[in-house]
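Open the model in your viewer and keep the selection tool at hand. Each stop says what to pick and what is there.

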Amino acid sequence: MDGMVIIGAGECGTRAAFALREAGWAGPVTLIGAEPGLPYERPPLSKPGEAGVRRKPICDAAALAGAGIDYRPGTVVQGIDPAARRVMLAGGSLGYDRLLLATGARPRRLACPGADLARDFRSHADAEAVFAAARGPVAIIGAGLIGMELAAVLRGMGLPVTVIEAGPAPLARAVPPRFPAALYQRHLAEGVCFRLGETVAGIDADGVLLASGGRVPAGLVVSAIGVAPDIALARAAGLATGDGILTDGRLVTSDPHILAAGDCAAVALPGGGHLRQESWRNARAQAEAAARTMLGQGQAFAGLPWFWSDQYDLGLQVAGLPRPDHATILRRQGDAEIAFSLDGGRLVAAAGLGPGASIARDIKLAEMLIAAGLSPDPDALADPAVALKSLLTTTRAA
């Protein structure tokens, strides 16, 4: 019996290994990680403590050993032979009954002179290098979630920060416009400088040269222009790929013995097309779904897209996929605000921004309304005096 092999020891791959055991699999489980050390969570990397960058373990060595998981850190996979069902390693090969690709994503690369002078921000080693070098003016290229979160942290450290963004506004992807605008104003109030609508012509030891002819002085330049799914192994093995490793609803790739999950997986949607999600929760949910499918117990994955971001004392959460053509209902609660997205009267998404965790409970209740496929009364959604929990009960009854 060759057993189950998982390539990728991030949140998704590690959770899948334990999920196999929890579902009753008693055969071999091998978890292969490219990075040294124990598996760790990525979200805390952008939130260093007094002791520096936090490496928060997903599990400890005792848990891996207790579950009978053969963990192989610092191991580079050289290829996959689907016909022979073998994973090729530097010191030999490893057979599998089922293989899960949880290879995650890699930072997108800048294409300009001096691009190698910009630091990425993806791994624990990246985070340590960035914060160790953060002693003077910092230029961040990219105003997505990572770029904006990093800007907030570095301003909190008292450093001058300039964010360079090719688009007209920060956080333009998958977030209702009112919330990026509010976060942008908060960053401005905190002293962050923005260069919007600017592209990078080059990077040198003194900073960033803009295509417009301007220059942003910086002792540290961070590239935060997003990530691309890590599909190299899948593509070389002949699996179907696009914006990710293409899977059916059960997370099975074009090879019936190979699955993909997490940031690298583009999962088939019931109405056609594929969706790839990059979030901690999705990694965990797909890991558990993949484990069930590997054991022949799987069903179509139906996890709701969700992500969050903490910037200064503000918390942003988005559940579902809000679109510009959706009807929007606003609910204001003190300093917090939630935007509900309706499609033909049905609640399909919700986004909120507020101090701390002030919107967390209502976003969770909104997720329950969305999952139930309900069409709440718009006036009740807008009224902060009406508890969302009561809407869940009354709408179901109606």
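The tour of this predicted model goes from domains to a contact, then to a pocket and an annotated region.

**Stop 1: the domains.** Domain 1 takes residues 4-106 + 228-295, domain 2 takes 109-223, and domain 3 takes 313-392.

**Stop 2: domain 1 against domain 2.** Show these two domains together. Their centres, taken over C-alpha atoms, are 30 Å apart. Domain 1 brings 13 residues to the contact, and domain 2 brings 10 residues. About 1,000 Å² is buried between the two domains, with 60% of it on carbon and sulfur atoms. Now select Leu45, Ser46 and Val53. These residues supply 47% of the area that domain 1 buries against domain 2, more than any other three residues.

**Stop 3: the second largest pocket.** Move to the second largest pocket, which holds about 680 Å³ of space. Select Leu269, Gly303, Leu304, Pro305 and Leu321: of the 23 lining residues, these are the closest to the pocket centre. What is the make-up of the lining, by nonpolar, polar and charged residues? There are 14 nonpolar, six polar and three charged residues. Next, highlight β20 (265-268), β26 (346-355) and α8 (360-371). Each supplies at least two residues of the lining. Why does the pocket lie between domain 1 and domain 3? Both domains give residues to its lining, so the pocket lies between them.

**Stop 4: the annotated region.** Select residues 306-392. UniProt lists them, in an unreviewed entry, as "domain: Reductase C-terminal". Over this stretch the chain is 25% helix and 44% strand. Finish on the end C-alpha atoms of residues 306-392, which are 19 Å apart.

Notes
Residues numbered from 1 in each chain as written. Predicted model: local features only at pLDDT ≥ 70, side-chain atom pairs only at ≥ 80, totals over all residues. Heavy atoms only, no water. UniProt positions renumbered as here; feature names shortened; annotations may be inferred. Helix = DSSP H or I, 4+ residues; strand = E, 2+ residues; numbered from the N terminus. 1 Å grid on protein atoms, 1.4 Å probe; cavity = no way out; pocket = protein on both sides within 12 Å on 5 of 7 lines; lining within 4 Å. Points joined across faces, edges and corners; volume = space filled by probe spheres on them. Nonpolar A, V, L, I, M, F, W, Y, C, P; charged D, E, K, R; others polar. Domains from an automatic or database assignment. Contact = heavy atoms within 4.5 Å. Buried area = accessible area lost by both parts, 1.4 Å probe.
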